[in-house]
Amino acid sequence: MHLDEALHFNILEKTGIFSNRLSIQEPRVLMTSKEVLEMPKEITIGRRTTAYKYYGVSYMKHNLIFINVKKIPDEKALEDTIAHELVHHMQFETGETLDGDTGSPCENQANSLAGQIIRLYGKKCPSFYDN
């Protein structure tokens, strides 16, 4: 996807809506690898130079997420990624053990809840998806 002003706003809007649905504080959102590299190293440690490989990365201790717009292929993957990373923030806030391995309980829960959030919002506000 190409990051323009409309997409930037769309990402921030969905982040706010999905954060509200999860009852978590809305995180700051980074949308380019350059923004990740411009952050202080102590904030992005562990996923600083590898963030570009992923659709999204959560920096939970700093209430920050990276949505790798350049890598994300379409609107559905974008929504899934935003919701997925926000679920990780909810997991962190509730003290759950976080393990980013594929198939781990926290990853399975993040995938499942992300889908639920998107479906529920689509039912409540179908016009949100008309664009």
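Student: Is Glu-75 buried, partly exposed or exposed?

Tutor: Buried means under 20% relative accessible area, exposed over 50%, and partly exposed in between, with a 1.4 Å probe and protein chains only. Glu-75 has a relative accessible area of 30% and is therefore partly exposed. Please note that this is a predicted model, in which local features need pLDDT of at least 70 and side-chain atom pairs count only at pLDDT 80 or more, while totals for chains, interfaces and linings use all residues. Residues are numbered from 1 along each chain as its sequence is written, and side-chain values use heavy atoms, with hydrogens and water left out.

Student: With which residue does the side chain of Glu-75 meet in a salt bridge?

Tutor: Side chains of opposite charge can pair when their charged atoms come close. The criterion for a salt bridge is a side-chain nitrogen of Lys or Arg within 4 Å of a carboxyl oxygen of Asp or Glu. The partner of Glu-75 is Lys-14, at 2.5 Å from N to O. This pair links distant parts of the chain, with Glu-75 in helix H4 and Lys-14 in helix H1 (residues 5–22), 61 residues apart. Helices (H or I, at least four residues) and strands (E, at least two) are DSSP runs, numbered from the N terminus.

Student: Is Lys-14 buried or exposed?

Tutor: Lys-14 has a relative accessible area of 0%, so it is buried. Its side chain also meets that of Glu-79 in a salt bridge, at 2.6 Å from N to O. Here too distant parts of the chain are linked, Glu-79 in helix H4 and Lys-14 in helix H1 being 65 residues apart. Glu-79 is buried, as is Lys-14.

Student: How many salt bridges does the structure hold?

Tutor: There are 4 salt bridges in the structure. Among them is the pairing of Asp-80 with Lys-76, at 2.9 Å from N to O. Both residues lie in helix H4, 4 residues apart, about one turn of the helix. Asp-80 is partly exposed at 27% relative accessible area, whereas Lys-76 is exposed at 54%. Salt bridges that share partners join Lys-14, Glu-75 and Glu-79 into one network.

Student: With which side chain does that of His-84 make a polar contact?

Tutor: A polar contact is a pair of N or O atoms within 3.5 Å; within protein, one must be able to donate a hydrogen and the other to accept it, and residues adjacent in sequence count only if both atoms are side-chain atoms. The side chain of His-84 makes such a contact with that of His-88, at 3.0 Å. His-84 is found in helix H4, and its relative accessible area of 11% means that His-84 is buried.

Student: Where is Asn-68 placed?

Tutor: Asn-68 occupies the loop between strand E3 (64–67) and H4. With 4% relative accessibility, Asn-68 counts as buried. A polar atom of its side chain lies 2.8 Å from the backbone oxygen of Tyr-52. Contact means heavy atoms within 4.5 Å. Leaving aside neighbours within four places in sequence, Asn-68 is in contact with Ala-51, Tyr-52, Lys-53, Tyr-54 and Tyr-55.
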